[in-house]
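Dear colleague,

I am passing on the structure below, and my notes on what turned up in it follow directly after. Please read them with the model open beside you.

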Amino acid sequence: MQNPSPSPSPSPSPSPATATGAPTNPSTTTGATTNKGKAPASAAQHSSAEASLKRKRGFFQKDLQHMMYGFGDDANPLPETVALVEDIVVEYITDLVYKAQNVGSKRGKLLTEDFLYLIRKDLPKFNRCKELLSMNEELKQARKAFDVSEENLATANDQV
């Protein structure tokens with residue numbers, strides 16, 4: 001009997017990738033192949049991309065499942081799908097942080113404005129970030145006012 005496979009050379013099948021939840025070719029999900037043509041930063045990004053493969057997977061699993069459900073996916077998506085989305089999200093955030101570090105390297109520290117500068121052309125992201133930052137400021141001020149009023153109340157009770 002003949003082998004039903006059309007190619008005689010062994011090739012990675014989709015089953016190992018789906019069994020572990022990780023892609024068979026790690027360079028396709030880490031962005032290492034897209035950064036090869038760049039100068040010295042590419043070596044640092046490549047080594048950090050390899051380090052990101054060693055990170056603990058599944059850390060954002062529950063959050064991503066809830067977000068995926070909110071955007072129309074099944075309530076219990078496939079673990080492989082969640083792992084793929086997690087890899088994409090971590091890669092995006094890592095790339096954004098490296099770019100922000102390059103932008104803020106003249107100052108020597110990383111600021112919120114560095115991230116806003118990078119996403120300034122993507123208006124939905126930019127507006128959402130501005131909204132979340134302003135909401136964060138309001139919450140800080142509300143907590144501060146609440147803490148101050150509690151302290152005043154405590155000192156007023158002590159004086160009586």
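Glu131 and Arg128 both belong to helix 7 (residues 123-159), where they sit three residues apart, about one turn of the helix. The two form a salt bridge, with their closest N and O atoms 3.5 Å apart; Glu131 is partly exposed at 43% relative accessibility, and Arg128 is partly exposed with a relative accessible area of 43%. Please keep in mind throughout that this is a predicted model.

That pair belongs to a set of five salt bridges found in a search of the whole structure. Another of them joins the side chains of Arg57 and Asp87, at 2.5 Å from N to O, and this pair links distant parts of the chain, since Arg57 lies in the loop between helix 3 (41-53) and helix 4 whereas Asp87 lies in helix 5, 30 residues apart. Arg57 is partly exposed, with a relative accessible area of 34%, while Asp87 is buried, at 7%. A salt bridge also connects the side chains of Asp114 and Arg107, at 2.4 Å from N to O; here Asp114 counts as buried at 3% relative accessibility, and Arg107 is partly exposed at 44%.

Helix 5, which carries Asp87, runs over residues 79-103, and its 25 residues should span 36 Å at 1.5 Å a residue, in agreement with the 36 Å that separates its end C-alpha atoms. Its buried residues are Val82, Ala83, Glu86, Asp87, Val90, Leu96 and Ala100, and what covers them includes helix 4 (61-70) and helix 6 (112-118).

Turning to helix 4, one finds Leu64, Gln65 and Met68 buried. Seen down the helix axis, these buried residues fall within an arc of 105°, so they line one face of helix 4, and what covers them includes helix 5. On the other side of helix 4, Lys62, His66 and Gly70 are exposed. After helix 4 comes Gly72, whose phi is positive, near 105°.

As for the protein chain overall, it has seven helices and zero strands. Of its 160 residues, 16% count as buried, and the chain exposes about 12,400 Å², of which carbon and sulfur atoms supply 60%. Among the contacts in the chain with a separation of 6 or more, residues 24 or more positions apart account for 33%.

Technical notes. Residues numbered from 1 in each chain as written. Predicted model: local features only at pLDDT ≥ 70, side-chain atom pairs only at ≥ 80, totals over all residues. Heavy atoms only, no water. Helix = DSSP H or I, 4+ residues; strand = E, 2+ residues; numbered from the N terminus. Expected span 1.5 Å × (residues − 1). Buried < 20%, exposed > 50% of the residue type's maximum accessible area, 1.4 Å probe, protein only. Contact = heavy atoms within 4.5 Å. Arc of directions from axis to C-beta. Areas by Shrake-Rupley, 256 points an atom, 1.4 Å probe, with all protein chains shown as cover. Salt bridge = Lys/Arg side-chain N within 4 Å of Asp/Glu carboxyl O.
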